Amino acid sequence: MSDASASDGAPALVQAESIGKVFDVSAPWLNRVLERKPQQLLHAVDDVSFRISRGETLALVGESGCGKSTVARMLVGLHRPSRGVIRFDGHDLAGLSRSDGPRLRRRMQMIFQDPYASLNPRWKVADIVAEPIRVHRLLTEQGAVRTRVEELLRHVGLAAADAEKFPHQFSGGQRQRVSIARALASAPEFLVCDEPTSALDVSVQAQVLNLMRDLQRENRLTYLFISHNLAVVHHVSDRVGVMYLGRIVELAPKQAIFERPRHPYTRMLLDAIPDIKMTGKSRTPVGGEVPNPLNPPTGCAFHPRCPHADARCRSERPELKPAGPGSLAACHAVQEGRLSD
Amino acid sequence: MSKSPLLEVSRLRVEFPTRRGVLTAIDDVSFSIAPGEVLGVVGESGAGKSITGAAIIGLLEPPGRIAAGEVKLNGLRIDNLPPEEMRKVRGREIGAIFQDPLTSLNPLYTIGRQLVETIRAHLNMSAAQARARAVALLQSTGIPAAETRIDHYPHQFSGGMRQRVVIALALAAEPRLVIADEPTTALDVSIQAQIIALLRGLCHSKGTAVMLVTHDMGVIAETADRVAVMYAGRIAEIGAVAEVIHRPQHPYTVGLMGSIPSIGEQRERLEQIDGAMPRLTAIPQGCAFGPRCPKAMPICREQRPEPVPAGGSLAACWLHDASARGQSASNRTVAQ
């Protein structure tokens, strides 16, 4: 399976090839033996492939439990993929030598969702931001580290004097700025942002999104942006992958996703967004909920909620196939031309 | 509004006495809700929207207290009722829906037991009648197989289903007012749409008034009739939803609307309001939004603006106050 954007020729900075992650969520061994409980495996991510070109923003959207955060964590090495290969600038992340690992990892950083939980409350901001510099031995001399930290803080819109403060002295938006400063400290090329603004108020979210966009322009950063908020995704992304129950169901350039969504799930998600500009418009609420990932439906995982499902959808899992210029969709109805635009 | 208001809040002030002095969380808030009307209350965290809701239903966390103003339900004051009397109003007259459905249900009781208890506390019914009503309520909120699900415990429901149970619980005694505090914030977008449609449908069919507290302008836009925008414990602007969204009058509302990313348009940057909402300990003199306001005038730093008619809404802003215009001849531009 290949990504349609591969044809544009630009070398991918990040490439995921059929990655999967299985979590063992079985009962403890003794219970399994005594109560004859079977082993239970949770396929959090299954056969996910994409590539991100340098300077591009790929957004992954989906509802809670769809595996988007697991993908993010695998890319930066917080989870080891159970299957598949992740390449960063051509290097396979799994087969790295002791010296190459840290060197490659310096070039990718992550920004987490909750700025209250992702900063050590006992450390001063100066130490938090300096940690990547120290770990990767980018600067060794104390004064130089300090100068760099202050420069980073100013870069993200904080004051140099904030270095002496502790995380609890900041508001949520300011803490997220500290997280961004920390992520930028090792001068990375690739940032994985896992719901960076969903804990923030809208006016603060606008500040953080604008900052991230400015930083991308200045430093030619590549982003993987995880979010459940389609309006935010529309604002930041170049391409969008829609995930459902551990798989990408549609992967397309932003415009295609928002103007001509192919997959019924994407259409449903777009329908579900309250649009502030169209007061009084009624949504078409789609029934049903995300199924239990421990016991996923057969065939297409979306078929129990899909208005277009037929016998084939219930039995055979659709592959991600071209469905328009630059677009991929995993849907039998789309591939058979059963869906209108 | 042609109908006489169901809920009338006038000059409400909520204070929290602390060791370091008295914090004013809500200051001089006035609004009303007509029968069958949905009033949205939006604002950033800490703006006082949830505390306004809690003050109305008499569930302010101590040491919070109503320091001034009054709350009238159907013309009768309810803010000074003794706790026992207030208990009867709560549930019977005013239902409440909170953000997290897991914490508003008792995990040790089946949902049926909780529903029956609520119904029998407020309506004169036998246990069998109450149970039949509970099943009907669950069905009306779209819970499949309500007859069997009624004997399940809260943990056996998904988040969206749980919120449906909470809605059934809030509507159990057919209250005339429902206060819904961030009812969909903990839910996924596709479930959120279902719950909003359900809440609106149920309240519409029964003529129940709703006070919908949320930080999500999108939810307000498609659910509410009128909207109150809160900032630092006060109402910055209040008016019909279409007016406030399409023709915001208060500079804060203008900034807030600009900062919301929207799918319909492509913008290079979102508008941003620099700075942050002041803490309760450091509310500036004059207009609380003054220090962040791009259109601030000298008077904004000195005197607090009162709500005045602005466009089709009421806005607490000196830009719209004729008396302020006489004082400062510059800065004539109207917000937009």
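1. Setting aside neighbours within four places in sequence, Arg133(B) makes contact with Ile119(B) and Met125(B). This arginine belongs to helix 4 of chain B, which covers residues 127-140. Buried or exposed, or something in between: where does Arg133(B) fall? Arg133(B) is partly exposed, because 18 other C-beta atoms lie within 10 Å, while a residue needs 20 or more to be buried. Met161(B) is 28 residues away from Arg133(B) along the chain, and 18 Å separates their C-alpha atoms.

2. A word on how to read all this: the model is predicted. Chain A has a mean pLDDT of 88, with 94% of its residues at 70 or more. Residues 1-8 of chain A are a place for care, as their pLDDT is below 50; this stretch still has 16 contacts in the model beyond near neighbours in sequence. Where pLDDT is low, predicted coordinates should not be read in detail.

3. Now zoom out to chain B as a whole. Twelve helices and twelve strands make up its list of elements. The C-alpha trace of chain B spans about 70 × 50 × 45 Å along its principal axes. Of its 336 residues, 48% count as buried. Among contacts in chain B with a separation of 6 or more, 64% join residues 24 or more positions apart.

4. The peptide bond from Pro62(B) to Pro63(B) is cis, with omega near 5 degrees. Pro63(B) sits in the loop between helix 1 (49-56) and strand 4 (65-73) of chain B.

5. Which residues touch the most other members of the largest nonpolar core? In this core of 197 residues, they are Val129(A), Leu224(A), Leu177(B), Leu212(B), Val229(B) and Tyr231(B). Helix 7 of chain B (residues 189-206) gives the most to the core, with nine residues. As background, nonpolar side chains in soluble globular proteins tend to be buried together.

6. Next, look at where the two chains meet. Here 34 residues of chain A are in contact with 35 residues of chain B. On chain A's side, the elements giving two or more residues are helix 7 (202-219), helix 8 (230-236) and helix 10 (264-272). Helix 7 of chain A gives the most, with eight residues. By type, chain A's side divides into 16 nonpolar, ten polar and eight charged residues.

7. Strand 10 of chain A (residues 247-253) is largely enclosed by the rest of the structure, because six of its seven residues are buried. Strand 9 (residues 239-244) runs antiparallel to strand 10 in chain A, joined by six bridges; Val240(A), for instance, has Ala252(A) as its bridge partner. Strand 10 also pairs with strand 12 (residues 328-329) of chain A, in the antiparallel sense over two bridges. There, Glu250(A) has Ala329(A) as its bridge partner.

8. The hairpin of strands 9 and 10 in chain A has two residues between the strands, and Leu245(A) takes a positive phi near 50 degrees there. Leu245(A) counts as buried because 24 other C-beta atoms lie within 10 Å. Asp89(A), in the loop between strand 4 and strand 5 of chain A, also has a positive phi near 50 degrees, although it is not glycine. Asp89(A) counts as partly exposed, with 15 C-beta neighbours inside 10 Å.

9. Finally, chain A has an open sheet of four strands in the order 2-1-4-5, with antiparallel pairing. Why is one side of strand 2 (41-53) and of strand 5 (91-92) left without a neighbour in the sheet? These two strands stand at the edges, and each has a single partner strand. Further in, strand 1 (residues 12-24) pairs with strand 4 (residues 83-88) over five bridges, and Ala16(A) stands opposite Ile86(A) of strand 4.

How values were computed
Residues numbered from 1 in each chain as written. Chains lettered and ligands numbered in written order. Predicted model: local features only at pLDDT ≥ 70, side-chain atom pairs only at ≥ 80, totals over all residues. Contact = placed C-beta atoms within 7 Å. Nonpolar A, V, L, I, M, F, W, Y, C, P; charged D, E, K, R; others polar. Core = buried A, V, L, I, M, F, W, Y, C linked by C-beta atoms within 7 Å. Buried ≥ 20, exposed ≤ 12 C-beta atoms within 10 Å, placed from the backbone. Pairing = 2+ DSSP bridges. pLDDT = per-residue confidence, 0-100.
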